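Hi everyone, thanks for making time for this. I'd like to walk you through one structure, so let me put it up on the screen.

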Amino acid sequence: MPAFRGACRNDSLEMDRLIEGYRRFRMTQWPERRASFEALAQQGQSPRAMVIACSDSRVDPAMIFATGPGELFVIRNVANLVPAYGPDAEPHATSAALEFAIQVLQVPDVIVMGHAMCGGISALLQGSPHPVGDFLGPWMRIAEPAKRKALAYNEADRQTACEHEAVKVSLRNLLTFPWIEERVNNARLRLHGAMFDIRSGVLSVLQADDRFTPV
Ligand SMILES: [Zn+2]
């Protein structure tokens with residue numbers, strides 16, 4: 001076990017800036033939000049929906065859906081991927097969050113939200129521009145079926161096609177979880193696909209015809 005002592009250093013300029021931001025939040029936003037946080041603390045959370053989004057710093061579900069604390073239960077991971085149901089002794093961050101949101105909090109809707117210019121998808125299609133280590137490659141293999149479909153498109157459309165297909169892979173994988181499939185079949189849970197274009201700020205939603213349409 002590496003020594004933890006001394007690993008936390010508070011001489012970072014960036015951390016100083018973030019703490020300044022926190023102080024502004026405490027001064028300006030906290031007084032307005034205090035009552036709602038107190039209610040959430042007392043009553044517990046009952047989020048309206050779950051969103052699975054990319055960790056990309058440009059894709060913030062709370063901002064895109066104009067929601068506040070307590071409204072969205074969010075998973076953010078590289079390329080907004082959901083693995084297939086595969087319980088074993090290893091830790092599974094995304095599956096654990098799904099289990100909690102669906103079985104315990106009983107969210108009624110799950111939205112898988114992809115985005116344009118996704119670095120994870122780009123690395124899957126073209127290889128990573130950076131040498132990567134132990135984790136990104138195996139993680140992105142979840143989206144291999146999306147890559148195979150996207151390779152049928154011409155090069156100009158391939159990235160977008162793969163981003164769209166990866167959302168569909170995640171939606172299909174959600175249905176491999178028995179307690180998700182059961183709730184979907186009983187109309188207690190609805191699954192949705194969406195795409196956010198960070199260039200235009202436009203959100204598109206996956207429709208019954210299998211296409212993403214701007215809303
Ligand atoms: Zn991304």
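Let's start on helix α1, residues 13-43, which is where isoleucine 19 lies. A quick word before I go on: what we're looking at is a predicted model. Isoleucine 19 has 30% relative accessibility, so this residue counts as partly exposed. Isoleucine 19 also belongs to a nonpolar surface patch, together with Met15, Leu18 and Tyr22.

With a relative accessible area of 24%, leucine 40 is partly exposed. Which residues does leucine 40 touch, if we don't count those up to four places away in sequence? The answer is Gln45, Pro69 and Gly70. For a sense of scale, leucine 40 and aspartate 88 are 48 residues apart in sequence, and their C-alpha atoms sit 34 Å apart in space.

Now to the charges. How many salt bridges does a search of the whole structure find? It comes to 11, and I'll show you some of them.

One joins the side chains of glutamate 38 and arginine 34, at 3.3 Å from N to O. Why about one helical turn between them? Because glutamate 38 and arginine 34 are four residues apart in helix α1. As a reminder, an α-helix has 3.6 residues a turn, so residues three or four places apart point the same way. Glutamate 38 is partly exposed at 42% relative accessible area, and arginine 34 is partly exposed at 44%.

Another pairs arginine 58 with aspartate 56, with 2.7 Å from N to O.

Lysine 149 is partly exposed, with a relative accessible area of 46%, whereas glutamate 165 is buried, at 8%. Salt bridges that share partners bring Lys149, Glu165, Lys168 and Asp210 together in one network.

Let me move on to helix α3, residues 93-104. The helix has 12 residues and reaches 16 Å from first C-alpha to last, close to the 16 Å expected at 1.5 Å a residue. Its buried residues are Thr94, Ser95, Ala97, Leu98, Ala101 and Ile102. They cover an arc of only 160 degrees around the axis, which puts them on the same side of α3. Over on the other side, Ala93 and Val104 are exposed. And what do the buried residues of α3 pack against? Their partners are the strands β1 (49-54), β2 (72-77) and β3 (109-115), plus the helices α5 (136-140), α7 (155-174) and α8 (178-185). After α3 comes glutamine 106, with a positive phi near 55 degrees.

That brings us to α8, whose buried residues are Trp179, Ile180 and Arg183. Seen down the axis, these fall within an arc of 105 degrees, so they line one face of the helix. They pack against α3, α7 and β4 (190-197). Just after α8, alanine 187 has a positive phi too, of about 60 degrees.

That's my tour, and I'm happy to take questions.

Note on methods:
Residues are numbered from 1 along each chain as its sequence is written. This is a predicted model: local features need pLDDT of at least 70, side-chain atom pairs count only at pLDDT 80 or more; totals for chains, interfaces and linings use all residues. Side-chain values use heavy atoms; hydrogens and water are left out. Helices (H or I, at least four residues) and strands (E, at least two) are DSSP runs, numbered from the N terminus. The expected span of a helix is 1.5 Å times one less than its number of residues. Buried means under 20% relative accessible area, exposed over 50%, partly exposed in between (1.4 Å probe, protein chains only). The arc is that of the directions from the helix axis to the C-beta atoms. Contact means heavy atoms within 4.5 Å. Patches are made of residues with over 30% relative accessible area and no salt bridge: like charges are joined within 9 Å, nonpolar side chains (Val, Leu, Ile, Met, Phe, Trp, Tyr) within 5 Å. Accessible areas come from the Shrake-Rupley method with a 1.4 Å probe; for residues, only the protein chains shown count as cover. A salt bridge is a side-chain nitrogen of Lys or Arg within 4 Å of a carboxyl oxygen of Asp or Glu.
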